[in-house]
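Colleague: I have some questions about the labels you put on this structure. Can we go through them?

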Amino acid sequence: MGLDARRADRDRAGAEGNGVTFDRESLHRQVSRGWREMATLLVQMARDQPTDRAGVLVNPAVTRGSTVLFPTVDAMQRNGQRRYDHELIYGAMGTPIQHQLETAIAAIEGARHTQIVSSGLAACTTPLLAFLGKNGHCLIPDSVYGPTRRFANTVLRRFGVETTYYPPTIDASGLHAAMRPNTQIVFTESPGSHTFEVQDIRMIADVAHEHGARVMLDNTWGIGVFQPFRHGVDISIQALTKYPSGHSDTIVGAVSVADEQDWHVLRDTCIQIGQVAGPDDCWLTLRGLRTMGARLEKQSCAAIDVALWLAQRPEVSRVLHPALPSCPGHALWERDFTGASALFGVVFKPEYGVANMTAMIDSLTMFGLGASWGGYESLVLPTTHGITRSCPAPADDGPACRLHIGLENPNDLIADLAAGLDVLAGRTMPQD
């Protein structure tokens with residue numbers, strides 16, 4: 001099939017996929033609206049401002065250092081009491097560039113305070129350490145990011161915290177039944193890692209708070225297009241490695257809160273366990289944020305184009321993109337989100353085995369094979385046999401993979417996938 005034919009094929013797919021009619025232009029508006037709306041905030045926030053006597057650089061300087069010098073003992077002691085104020089005290093407690101990034105993330109998340117930490121995983125584990133206690137109980141969705149699950153099953157268990165994994169699409173009565181007198185945290189991740197179930201965060205928060213528990217949300221997929229604190233979340237988690245950085249060259253995370261007392265607990269814990277991010281990672285992430293809206297406006301539209309094209313392919317069982325009705329929780333995405341990211345799942349028909357999918361993935365030339373996502377490049381990752389679940393999952397009926405759509409021309413990505421599906425189905429042999 002030639003490239004022009006594939007473009008025509010893609011255009012038809014925008015009208016109909018698996019018997020459901022779609023309006024591509026309407027979907028483009030839906031998935032990209034939030035990115036357009038936040039563009040000005042991303043450019044203007046957390047920047048130095050010129051004064052009457054001095055100009056400033058457009059981008060703040062990188063500030064590296066450990067020791068901070070003070071003029072007097074009194075000044076040093078007074079400044080040491082300001083650990084909750086995003087002030088320079090000691091390098092391991094945060095540098096000025098880290099504090100500027102914290103201001104930026106708090107503005108995006110709608111938070112009162114943000115703590116920058118060393119990685120996205122640290123953003124998941126640090127608040128669990130901060131807000132769980134001995135003999136506590138934690139509820140975590142079965143669709144959670146794998147390393148978070150590993151942390152709960154090892155470190156938290158060793159500390160005497162019990163974890164229960166609940167179905168991500170649980171209803172209110174099911175959640176009430178899962179709560180215990182010692183439940184301290186209800187963890188959420190929406191959409192779910194790899195299987196993309198959208199959770200009813202508002203309902204979960206209502207139930208959790210009724211039982212005296214806090215709600216944590218891994219909001220990495222929804223940064224900027226889902227406002228966690230408006231939906232009752234207490235602690236919001238971000239892997240800034242992903243879209244905020246946007247270039248696959250940093251490791252950094254963030255934890256945000258809306259309550260001042262929660263901030264004191266979180267901040268004290270971060271100081272006590274030495275959680276801090278490197279200044280270069282903070283600077284690169286702050287710079288990446290300036291273009292996140294422009295990047296994601298384009299990437300979100302390209303992703304829905306690719307998702308629609310895949311949805312009408314005979315080799316595909318379902319596409320797990322929250323903006324499509326085939327994804328569990330699609331109606332919640334429509335209700336609660338102002339846009340979508342460019343990450344989604346694909347489940348193939350059960351007649352194709354894992355070996356077929358592996359051959360397809362190995363044949364792709366436009367998609368890098370690797371973990372993580374959120375950069376400018378397209379990626380593919382097989383998920384079958386790579387995730388642990390205790391509840392039925394929407395990807396159980398066939399081999400599955402995860403796609404991240406980058407800034408390439410979507411026509412080129414579709415052409416590459418079309419050739420890959422030929423390999424999957426055995427119509428062509430993979431090329432060496």
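Modeller: Start with a cut-off. Buried means under 20% relative accessible area, and exposed means over 50%. Keep in mind that this is a predicted model.

Colleague: Why is D262 called buried?

Modeller: The relative accessible area of D262 is 6%. The limit for buried is under 20%. D262 is therefore buried.

Colleague: Where is D262 found, and what is in contact with D262?

Modeller: D262 is found in helix 10, residues 260-273. Leaving aside neighbours within four places in sequence, D262 is in contact with F131, R214, D234 and V257.

Colleague: Now helix 14. Which residues of helix 14 are buried?

Modeller: In helix 14, residues 354-363, the buried residues are M357, M360 and I361.

Colleague: Why do you say that the buried residues line one face of helix 14?

Modeller: Look down the axis of helix 14. The buried residues fall within an arc of 95 degrees, so they line one face. An α-helix has 3.6 residues a turn, so residues three or four places apart point the same way. On the other side of helix 14, A355 and D362 are exposed.

Colleague: What covers the buried residues of helix 14?

Modeller: The cover includes strand 11, strand 12, strand 13 (379-382), strand 14 and helix 15 (410-424).

Colleague: What makes strand 10 and strand 12 edge strands?

Modeller: Five strands form an open sheet in the order 10-11-14-13-12, with mixed pairing. Strand 10 (316-320) and strand 12 (368-369) each have a single partner strand, so one side of each is left without a neighbour in the sheet.

Colleague: How do you know that strand 11 and strand 14 pair?

Modeller: Pairing needs at least two bridges. Strand 11 (residues 343-348) and strand 14 (residues 400-404) have five, in the antiparallel sense. F344 stands opposite L403 in strand 14.

Colleague: Which helix lies across strand 10, strand 11 and strand 14?

Modeller: Helix 12, residues 292-311. Helix 12 runs at about 10 degrees to strand 11.

Colleague: Last, helix 5 and helix 11. How do their axes cross?

Modeller: The axes of helix 5 (residues 96-109) and helix 11 (residues 279-290) come within 9 Å and cross at roughly 40 degrees. The crossing is left-handed.

Colleague: Which residues make the contact, and how do they divide into nonpolar, polar and charged?

Modeller: Helix 5 gives I97, Q98, Q100, L101, A104, I105 and I108. Helix 11 gives P279, C282, W283, T285, L286 and L289. The residues of this contact divide into 10 nonpolar, three polar and no charged.

Conventions. Residues are numbered from 1 along each chain as its sequence is written. This is a predicted model: local features need pLDDT of at least 70, side-chain atom pairs count only at pLDDT 80 or more; totals for chains, interfaces and linings use all residues. Side-chain values use heavy atoms; hydrogens and water are left out. Axes are lines fitted to C-alpha atoms, for helices over the stretch in contact, and angles run from 0 to 180 degrees between N-to-C directions. Helices (H or I, at least four residues) and strands (E, at least two) are DSSP runs, numbered from the N terminus. A crossing is left-handed if the near helix is turned anticlockwise from the far one by less than a right angle, and right-handed if clockwise. Contact means heavy atoms within 4.5 Å. Ala, Val, Leu, Ile, Met, Phe, Trp, Tyr, Cys and Pro count as nonpolar, Asp, Glu, Lys and Arg as charged, and the others, Gly among them, as polar. Buried means under 20% relative accessible area, exposed over 50%, partly exposed in between (1.4 Å probe, protein chains only). The arc is that of the directions from the helix axis to the C-beta atoms.
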